Amino acid sequence: MYVVSDRNESIIKSVNMVFSNVSHFACIWHISKNVCTNYKRSKAVLSDIFYSMAKAYRKDEFKKLMAKVEKINHRMTQYLKNVGYEKWSRVYATVNRGRMMTSNIAECINGCLVEAQELPIIDFLKQTRMLFGAWNCKNREITAYTKYTLGRKFEDILVSNTMKCSRMKVVASSKYFYSVYESGVRYIVCLERKTCNCGRFQLDEIPSPHAIAVLKSKNITDMHPYFSDYYKPEALANTYELQMVLMPDKKDWSIPKEILEEIILPPRYKRMPGRPKKGRKKYSSEKIRTSINSCSRCGHEGHNRKTCNFMPKEK
């Protein structure tokens, strides 16, 4: 178990207080936006390299990418080091982060509760409970049709990895250890521990192309036992097994007398001038420029018709 969020100081303090024994990681999307904001000249290249580093499977691969960053902008190297490699890099993480690298789930929930945020707290909680209950019921129905196969996303990964292993050579070393040769490079696969020195088998917890090559050499067609239990239909069904308990109408509530006698005043609030904003206030690092000028003559971005140098000007 671990928590993924942005690097807001209040969130970091709250996580340390409530979940003191749980690892806390940074959302790579928010860090990427910080990179684009602070290093605008080479943000496109640096952003791509950063995502590759965050999702790298081996430390030597991570170091090669970091060397590229050092050549482009050494200040970004120091910035990422100050953040902490273990906070955003999968290969340096203290626990296996799997495929969860961003806080998109929380952002999706916030987007669905935009209108409900204008309601009083009791009505807001009611709408939240109804939303989660509807999601839980819908997902429970979906899991009823996936009893014998993995989810569609993980089945696609399995198919993709199977296609990559067609030209690999497998040499058995013992009952569980195998050498797999790909383009002259040797990889070691252990079926007992479900590991491969490419890093994919143990980090993704899905059979890597090298592991699939070994399983095929042993004439094993059912590869689902080599997946993590979290990807299997049973785990998905257990996630939505518990039902959301409905709250009765307010007139049917049984409230203790001491609670009724307690008076809670609303917090002091000063209304600011102007129309209230419905959307969440975003940090400058999250803002993305969506509109880019493009030339109407050549179609390239970054300039207009008057300053176009790609095509001869009309006379």
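What volume does the second largest pocket have? In this predicted model the volume of that pocket is about 430 Å³, and the legends below take up this pocket together with other parts of the structure.

**Figure 1. Overview of the predicted model.** The protein, shown here as a predicted model, has a secondary structure of 13 helices and six strands. Of its 315 residues, 32% are buried. Among contacts between residues at least 6 apart in sequence, 51% join residues that are at least 24 apart.

**Figure 2. Close-up of the second largest pocket.** The space of about 430 Å³ in the second largest pocket is lined by 17 residues, and those closest to its centre are Lys 126, Arg 129, Met 247, Pro 248 and Trp 253. Sorted by class, this lining consists of nine nonpolar, two polar and six charged residues.

**Figure 3. Close-up of the largest pocket.** The largest pocket holds about 1,900 Å³ of space, and of the 40 residues that line it, Met 100, Ile 105, Leu 236, Thr 239 and Tyr 240 lie nearest its centre. At least two lining residues come from each of strand E1 (2-5), helix H7 (104-112), helix H8 (121-143), helix H9 (152-164) and helix H12 (233-239). The lining of the largest pocket comprises 21 nonpolar residues, along with twelve polar and seven charged ones.

**Figure 4. Helix H2 and the elements that cover it.** Helix H2 spans residues 28-38, and because eight of its eleven residues are buried, the helix is largely enclosed by the rest of the structure. The buried residues of H2 are Ile 28, His 30, Ile 31, Ser 32, Lys 33, Asn 34, Val 35 and Cys 36. Their cover includes strand E2 (23-26), helix H3 (43-54), helix H5 (74-83), helix H6 (85-88) and H7, and H7 is also one of the elements that supply residues to the lining of the largest pocket.

Figure 5. Leaving aside residues up to four places away in sequence, Met 53 touches Phe 62, Leu 65, Met 66, Val 69, Leu 80, Trp 88 and Ser 89.

Figure 6. E3 and E4 run antiparallel and are joined by four bridges, in which Lys 169 has Tyr 181 of E4 as its bridge partner. The hairpin that joins E3 to E4 passes through four residues. On the other pairing of E4, strand E4 (residues 177-182) and strand E5 (residues 185-190) are antiparallel over six bridges, and Glu 182 stands opposite Val 185 in E5.

Note on methods. Residues are numbered from 1 along each chain as its sequence is written. This is a predicted model: local features need pLDDT of at least 70, side-chain atom pairs count only at pLDDT 80 or more; totals for chains, interfaces and linings use all residues. Side-chain values use heavy atoms; hydrogens and water are left out. On a 1 Å grid over the protein atoms alone, a cavity is a set of points where a 1.4 Å probe fits but cannot get out, and a pocket is an open set with protein on both sides within 12 Å along at least five of seven lines; lining residues have an atom within 4 Å of a point. Grid points are joined across faces, edges and corners, and a volume is the space filled by probe spheres set on the points. Ala, Val, Leu, Ile, Met, Phe, Trp, Tyr, Cys and Pro count as nonpolar, Asp, Glu, Lys and Arg as charged, and the others, Gly among them, as polar. Buried means under 20% relative accessible area, exposed over 50%, partly exposed in between (1.4 Å probe, protein chains only). Contact means heavy atoms within 4.5 Å. Two strands pair if DSSP finds at least two bridges between them.
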